[in-house]
There are 4 protein chains.
Amino acid sequence: MKVGFIGLGQMGRAMAGNLVKAGHEVTVWNRSPGRDEALVAAGAKRAATPAEAAQGDVVMTMLADDKAVEGVVFGENGIADAPALHVGHSTISPALADRLTQAHGGAYVSAPVFGRPPAAEAAKLFVAAAGPEEHLQRCAPLFEAIGQRVFPLGDKPSAANVVKISGNFMIMAAVESLAEAMALAEKSGVERAQLLEVLTGTIFGAPVYANYGAMLVEDRFKPAGFAAPLGLKDMTLVADAAAKARVPMPVLGVVRDHLLDAIANEGEDVDWAGVALAVRRGAGIR
Amino acid sequence: MKVGFIGLGQMGRAMAGNLVKAGHEVTVWNRSPGRDEALVAAGAKRAATPAEAAQGDVVMTMLADDKAVEGVVFGENGIADAPALHVGHSTISPALADRLTQAHGGAYVSAPVFGRPPAAEAAKLFVAAAGPEEHLQRCAPLFEAIGQRVFPLGDKPSAANVVKISGNFMIMAAVESLAEAMALAEKSGVERAQLLEVLTGTIFGAPVYANYGAMLVEDRFKPAGFAAPLGLKDMTLVADAAAKARVPMPVLGVVRDHLLDAIANEGEDVDWAGVALAVRRGAGIR
Amino acid sequence: MKVGFIGLGQMGRAMAGNLVKAGHEVTVWNRSPGRDEALVAAGAKRAATPAEAAQGDVVMTMLADDKAVEGVVFGENGIADAPALHVGHSTISPALADRLTQAHGGAYVSAPVFGRPPAAEAAKLFVAAAGPEEHLQRCAPLFEAIGQRVFPLGDKPSAANVVKISGNFMIMAAVESLAEAMALAEKSGVERAQLLEVLTGTIFGAPVYANYGAMLVEDRFKPAGFAAPLGLKDMTLVADAAAKARVPMPVLGVVRDHLLDAIANEGEDVDWAGVALAVRRGAGIR
Amino acid sequence: MKVGFIGLGQMGRAMAGNLVKAGHEVTVWNRSPGRDEALVAAGAKRAATPAEAAQGDVVMTMLADDKAVEGVVFGENGIADAPALHVGHSTISPALADRLTQAHGGAYVSAPVFGRPPAAEAAKLFVAAAGPEEHLQRCAPLFEAIGQRVFPLGDKPSAANVVKISGNFMIMAAVESLAEAMALAEKSGVERAQLLEVLTGTIFGAPVYANYGAMLVEDRFKPAGFAAPLGLKDMTLVADAAAKARVPMPVLGVVRDHLLDAIANEGEDVDWAGVALAVRRGAGIR
């Protein structure tokens with residue numbers, strides 16, 4: 001298939017690379033230059049503008065936030081009116097997904113992904129996809145090239161974005177509650193690693209606890225795998241969606257406050273799991 | 001081994017039964033009569049007092065709360081000065097575990113368990129055990145008779161109680177955050193079951209999400225598997241321990257408030273997962 | 001002085017009326033027509049565009065939110081480049097105040113007001129004013145015409161907006177905590193009015209408790225004096241400012257959630273003091 | 001009147017002194033010796049036991065907590081069966097007040113006070129009093145000797161205790177929200193004192209804001225006027241009463257957590273207004 005790919009950060013480069021490997025004709029574009037060399041060397045074409053990358057069958061976007069997506073869609077030489085089907089992988093607001101759906105006259109699929117850069121490189125992402133059935137089917141081979149499993153979420157694209165930001169909220173909630181329990185344990189004479197072992201050895205045996213739990217036990221918060229300000233951005237997407245839907249989410253308030261605490265005290269470059277440092281600081285643990 | 005067993009609720013009966021099956025000489029006692037018939041039929045002896053059940057090698061207690069344990073230990077004909085090693089399986093405060101350790105002159109092991117009645121019957125409990133090494137070793141065959149795995153937590157008995165109540169807090173935190181995410185999803189047009197499928201299919205694939213998630217999707221809150229007032233009792237144990245250790249736990253505040261909301265609005269017989277009903281009520285979901 | 005006045009809601013009409021009464025030459029503009037008749041009858045001129053209202057010495061704006069202010073400043077026939085000094089009375093974000101300061105080349109004063117429509121009519125508003133000293137002095141006779149007291153807050157306009165939204169947060173926090181205490185009292189057998197009498201009779205003798213307390217005692221939440229969605233808008237301004245400044249504000253999270261609960265369950269037309277209804281609902285008080 | 005007075009801390013000494021001044025025959029008792037010398041010099045008698053102090057018309061208690069009150073009432077030589085009417089001024093749980101009511105066969109009045117030691121010395125306390133009408137009337141001259149105003153709260157003694165602990169909760173809530181607003185202001189370039197001046201100059205003109213506000217502006221948290229652990233004790237009384245009444249109180253959760261933070265980080269001797277330090281720490285303000 002002829003596929004455009006816009007947004008060559010760590011995630012985007014890996015995803016575009018897997019599309020090339022799978023034999024698709026890939027045209028790439030990135031705002032800042034110099035990110036596409038390995039891809040071009042592997043066979044991808046370089047587009048001069050976002051619109052140029054969107055002349056094929058499908059154009060995928062994997063960008064930092066709502067503003068960046070708005071830029072490549074509605075900005076100069078944007079893809080708003082380009083012929084390709086727009087498949088949005090970015091973590092954006094459901095509200096923007098609704099706006100894109102309308103702007104593209106329905107030719108839009110939301111397909112945010114779960115997984116970190118190593119999973120992206122290994123084509124092991126999870127893809128939460130929503131949009132018109134025919135479009136989802138058209139994307140199937142592309143999703144197969146980048147991920148290990150697709151979760152179809154109906155024909156309304158923004159539903160996939162709701163699921164994505166809810167998932168990120170669930171991660172933060174799991175980290176926060178684990179950090180609170182660990183602080184209690186530690187100040188009561190139980191090692192964090194012991195508590196974690198019991199939890200993951202019983203009914204909490206999931207990657208979210210194993211992976212973030214290890215970070216908390218080993219105090220690994222820098223360099224950030226996913227920086228706290230990005231986490232804050234995502235939690236703000238959740239808060240905006242919750243306000244719009246009139247849904248009180250008190251645990252969301254807790255994690256947002258602890259992200260702010262972590263950033264204020266540890267710096268902008270702390271991992272979002274650094275909410276644990278806010279918890280520890282509150283308990284007077286040095 | 002000669003084992004006494006005090007406290008024949010649903011959990012205790014199953015545990016004592018497995019001790020009998022494993023060939024131990026079991027003597028049982030329960031405050032209210034009529035709970036021991038099947039056990040006696042299976043070969044257990046009936047004691048007239050708690051102290052009488054504590055004349056062998058080990059006496060296990062599996063009771064509702066601190067007050068009940070204080071009663072059988074320090075009350076009339078209590079086991080405070082009995083020869084048997086006291087092994088406490090109840091979910092009690094770390095503070096009471098410390099007091100028991102002292103009262104028994106060190107001959108005390110805390111061994112709270114994770115698992116519901118069916119797991120108890122199947123001898124599939126998880127046992128979090130702490131106490132002097134020699135005592136833990138002595139208990140090994142008994143723990144093997146009732147559980148699938150023992151987590152040794154050092155020589156200070158109350159450490160096991162800290163871990164147990166932390167685990168219950170983690171369950172409540174997982175249910176609460178799942179309920180918040182589901183309310184957001186539902187009011188945004190995503191079915192609860194869809195969100196749950198994505199979560200458990202990605203990095204939240206643990207029994208705590210699968211099991212409680214199904215309850216939340218199917219609105220199964222009565223009859224209670226574990227009633228909200230018992231959950232509130234446990235969260236109060238956490239709050240007391242946190243206050244003593246000077247550890248702020250904001251998510252604990254959220255789940256306690258939602259337990260109160262659930263009890264106030266749904267009745268004393270609602271499951272502790274009924275915190276989800278408090279979440280839904282706040283969002284105006286009928 | 002030659003004064004333009006843009007935004008003729010309940011507050012704006014009263015303020016503009018007092019400027020006319022004080023002898024100023026007032027030119028008014030409002031997006032929707034028909035709001036200026038009494039003012040024109042009293043001697044005000046009617047402008048055809050915002051820019052036309054900003055040809056005199058000072059132009060005041062009193063609008064609903066950031067978007068409305070952006071419209072009259074940066075929209076077609078806006079006041080961005082008009083000769084008059086812009087004095088902003090609206091409750092807007094500090095971020096927008098910073099942008100206005102820059103857009104007007106420093107010829108901008110933020111002067112949000114405290115007080116409800118009756119206070120506006122009686123020229124009893126409190127004015128929190130910040131901007132270059134010379135501009136504040138120029139505005140002094142105008143502020144005197146509309147208010148009972150001016151609080152000068154330095155030369156950075158957005159400081160006044162920070163104070164204004166902080167004040168609104170303080171009101172919500174007072175109402176929320178009063179509602180929680182009243183729910184506890186009521187379910188413990190103490191009448192709400194009794195509790196309020198003790199509070200205002202001792203160290204809580206301030207209008208915020210007396211006025212909102214009476215609403216809570218008498219369950220007066222409709223028609224809204226200040227509607228919950230407007231309160232939510234203001235609390236969102238606070239949340240945005242707090243996120244930008246990296247300041248955790250857990251009580252803010254509580255009041256936002258209860259505003260959402262109130263709107264979800266009582267409708268968009270409930271007063272912002274309706275957070276008390278969310279508190280009562282949680283406690284199972286019908 | 002013949003009055004016994006039990007509990008000669010700073011508050012109790014001042015209150016007993018005012019009873020002596022008003023011409024009553026006062027007999028005093030205190031657990032630790034040496035606190036009664038000035039009182040005896042002024043004309044009070046010294047009792048050897050609590051019971052001895054309770055042989056007159058009325059016996060007043062002003063003690064630290066539930067445990068201390070239980071000690072002088074139900075302990076050896078306690079006042080449980082003494083002839084005097086028991087008037088309890090201590091800040092205790094409503095549950096203990098109910099128990100005292102029953103133990104004294106109805107001859108019990110709860111009369112907790114609002115005010116700090118200087119107010120006690122100046123006989124300017126506020127007295128929240130509840131109990132049978134005839135008993136309240138009998139106490140009127142005594143309350144007049146120690147306070148500036150009595151708030152009668154009906155015939156159920158524990159109602160007065162509910163009001164007292166609710167009042168202390170309201171103080172903590174006011175301090176917490178003020179601290180949050182001040183942190184936002186400060187990090188946004190507005191001085192704390194400026195914000196406070198606007199608040200108290202508009203609708204927040206009450207002693208609670210003026211007095212605690214000054215502490216927050218001047219960072220006066222040591223020596224403690226009222227130590228954080230005592231504040232925590234009172235907030236725990238509120239939490240217990242709220243749990244019993246099934247009343248969610250999310251702001252209570254926030255202030256309890258910040259009291260724990262303040263104690264963990266500042267020491268046991270910090271003032272309860274030190275919740276503001278927890279707020280500032282979270283925001284990264286040094």
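This briefing walks through the chain contacts and the domain contact in the structure above. The model is predicted. Chain B and chain A bury about 4,800 Å² between them, while the area buried between chain B and chain C is about 610 Å². Inside chain A, domain 1 and domain 2 bury about 1,200 Å² between them.

**Chain B with chain A: extent and make-up**

- Chain B brings 58 residues to the contact, and chain A brings 58 residues as well.
- Of the area that chain B and chain A bury between them, 77% lies on carbon and sulfur atoms.
- Three residues of chain B, namely Met170(B), Leu184(B) and Ile203(B), supply 14% of the area that chain B buries against chain A, more than any other three residues.
- Ten residue pairs are in polar contact across the interface of chain B and chain A, both partners being at pLDDT 80 or more.
- On the side of chain B that touches chain A, at least two residues come from each of β9 (147-152), α7 (158-187), α8 (192-201), α9 (207-218), α10 (228-245) and α11 (250-266).
- The largest share of that side belongs to α7(B), with 19 residues.
- By residue type, the side of chain B that touches chain A divides into 40 nonpolar, eleven polar and seven charged residues.
- For charged pairs, two salt bridges are found across the interface of chain B and chain A.
- Arg149(A) forms a salt bridge with Glu197(B), with 3.5 Å between the closest N and O atoms.

**Symmetry of chain B and chain A**

- Chain B superposes on chain A by a rotation of 180° with 0.0 Å of shift along its axis, at an RMSD of 0.0 Å.
- This is the relation of a two-fold axis.
- Within chain B, Ala206(B) has the C-alpha nearest the axis, 2.4 Å from it.
- The copies meet through the same surface, because 100% of the interface residues of chain B are also interface residues in chain A.

**Chain B with chain C**

- Here nine residues of chain B are in contact with ten residues of chain C.
- Carbon and sulfur atoms give 37% of the area buried between chain B and chain C.
- The side of chain B that touches chain C holds two nonpolar, three polar and four charged residues.

**The two domains of chain A**

- Chain A is assigned domain 1 (2-156) and domain 2 (161-282), and their centres, taken over C-alpha atoms, are 28 Å apart.
- Domain 1 of chain A gives 17 residues to the contact and domain 2 of chain A gives 17 residues.
- Of the area buried between domain 1 and domain 2 of chain A, 62% is on carbon and sulfur atoms.
- In domain 1 of chain A, the most area is lost to domain 2 by Thr91(A), Phe114(A) and Arg116(A), together 44% of what that side buries.
- Between domain 1 and domain 2 of chain A there are zero salt bridges and five residue pairs in polar contact, both at pLDDT 80 or more.

Definitions and conventions. Residues numbered from 1 in each chain as written. Chains lettered and ligands numbered in written order. Predicted model: local features only at pLDDT ≥ 70, side-chain atom pairs only at ≥ 80, totals over all residues. Heavy atoms only, no water. Contact = heavy atoms within 4.5 Å. Buried area = accessible area lost by both parts, 1.4 Å probe. Salt bridge = Lys/Arg side-chain N within 4 Å of Asp/Glu carboxyl O. Polar contact = N/O pair within 3.5 Å; in protein donor to acceptor, adjacent residues only side chain to side chain. Helix = DSSP H or I, 4+ residues; strand = E, 2+ residues; numbered from the N terminus. Nonpolar A, V, L, I, M, F, W, Y, C, P; charged D, E, K, R; others polar. Domains from an automatic or database assignment. Least-squares fit on C-alpha atoms with pLDDT ≥ 70 in both.
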